[in-house]
Amino acid sequence: MNQYTAQDFKKGQPRWCPGCGDHFFLASLQKAMAELGVPPYETAVISGIGCSSRLPYYANTYAMQTIHGRAAAISTGAKVTNPNLTIWQVSGDGDALAIGGNHFIHAMRRNVDLNMILLNNRIYGLTKGQYSPTSPRGFVSKSSPFGTTEDPFRPAELCFGARGNFFARSVASDNSETIAILKAAYQHKGAAVCEILQNCVIFNDGCHNSVYTSQGRKENAIYVKHGEPLIFGANQEFGLVQDGFGLKVVKIGENGVTRDDILIHDAHCQDNTLQLKLAMMSNEEGFPIALGVIRDVEAPTYDAAVNQQIEEVKAQKHYHTFMEMLETNDIWEVKE
């Protein structure tokens with residue numbers, strides 16, 4: 001494996017607001033790239049439009065900032081034509097889920113082998129503070145001065161509904177966990193969605209405050225790991241158990257509850273019922289926010305299937321070039 005450092009993947013001077021979550025994520029992505037060892041010349045960073053979509057300018061790889069909402073479409077084309085290219089597709093919640101929503105869900109449905117990064121700050125930052133598809137009901141913004149009157153998309157629900165096979169979540173300020181899920185996304189063959197929770201310090205500061213600090217994550221989040229019990233809390237004193245068709249928070253040691261009663265996380269289960277319930281938990285409903293790899297299931301990939309089909313069709317043909325195709329029919333040569 002090639003030996004790289006994060007410095008090998010750095011380029012330019014980031015021009016985001018001081019304190020923006022994009023700074024945190026960029027550092028994590030560059031570190032993850034270095035640890036994965038994929039050469040910069042075999043890597044592409046492709047984005048749409050928005051604050052987060054400036055990220056390709058700061059990655060010393062092949063890079064392209066496309067048009068609004070079309071990152072998944074361009075990334076799909078790049079992956080199909082060059083299957084050996086590692087692609088990091090970067091979008092914000094507005095870019096990916098509003099104008100780009102159609103491309104987002106179909107990239108997952110097709111299971112294109114892309115690392116799809118969704119940087120979610122629940123606001124349109126570049127265009128100065130309008131509410132986005134992930135802003136909560138009642139959210140007051142420049143485009144909703146009296147509060148929004150609609151319910152938001154929840155990225156996990158959208159991903160699972162589009163038959164997504166990989167979904168992970170981390171907090172931008174949590175460097176080590178972000179690196180871990182990025183590496184897991186790379187190892188997964190297929191569309192791998194990583195939701196990154198981050199604050200917009202100008203227009204939506206504090207939107208993820210409950211988990212933005214290390215102490216906050218100890219109290220308000222749960223790190224899910226495949227094959228391990230779903231335990232959380234500052235002292236690992238709480239756990240999750242199944243309660244009918246839902247989940248329930250219990251305290252270990254109370255009412256006869258032991259660690260043996262706690263659910264074990266299965267990220268590889270084909271049935272996504274419990275995985276979706278984990279992904280949809282919120283602090284507002286008395287649950288911890290799930291961080292880590294929530295779903296990771298193997299399935300055929302679109303790009304591999306397309307290229308295999310091309311090779312199979314070529315093998316059945318008697319011609320492989322345009323001239324050979326012409327020679328399969330009668331040919332006349334006209335001379336004076």
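Guide: Helices (H or I, at least four residues) and strands (E, at least two) are DSSP runs, numbered from the N terminus. This is a predicted model, in which local features need pLDDT of at least 70 and side-chain atom pairs count only at pLDDT 80 or more, while totals for chains, interfaces and linings use all residues. Residues are numbered from 1 along each chain as its sequence is written, and side-chain values use heavy atoms, with hydrogens and water left out.

How do we find such spaces? Rolling a probe the size of a water molecule over the atoms shows where empty space is left. On a 1 Å grid over the protein atoms alone, a pocket is an open set of points with protein on both sides within 12 Å along at least five of seven lines, and a cavity is a set where a 1.4 Å probe fits but cannot get out; lining residues have an atom within 4 Å of a point. Grid points are joined across faces, edges and corners, and a volume is the space filled by probe spheres set on the points.

The largest pocket has a volume of about 610 Å³. Its lining counts 27 residues, and Arg122, Arg154, Met281, Ser282 and Glu284 lie nearest the centre. By type, the lining holds 12 nonpolar, seven polar and eight charged residues. Here Ala, Val, Leu, Ile, Met, Phe, Trp, Tyr, Cys and Pro count as nonpolar, Asp, Glu, Lys and Arg as charged, and the others, Gly among them, as polar.

Now stay with Arg122, which sits in the loop between strand E4 (115-120) and H5. Arg122 is partly exposed, with a relative accessible area of 28%; buried means under 20%, exposed over 50%, and partly exposed in between (1.4 Å probe, protein chains only). Its phi is near 60°, a positive value in a residue other than glycine. Most residues other than glycine have a negative phi. Lys128, in the loop between E4 and H5, also has a positive phi, of about 80°, and is partly exposed at 45%.
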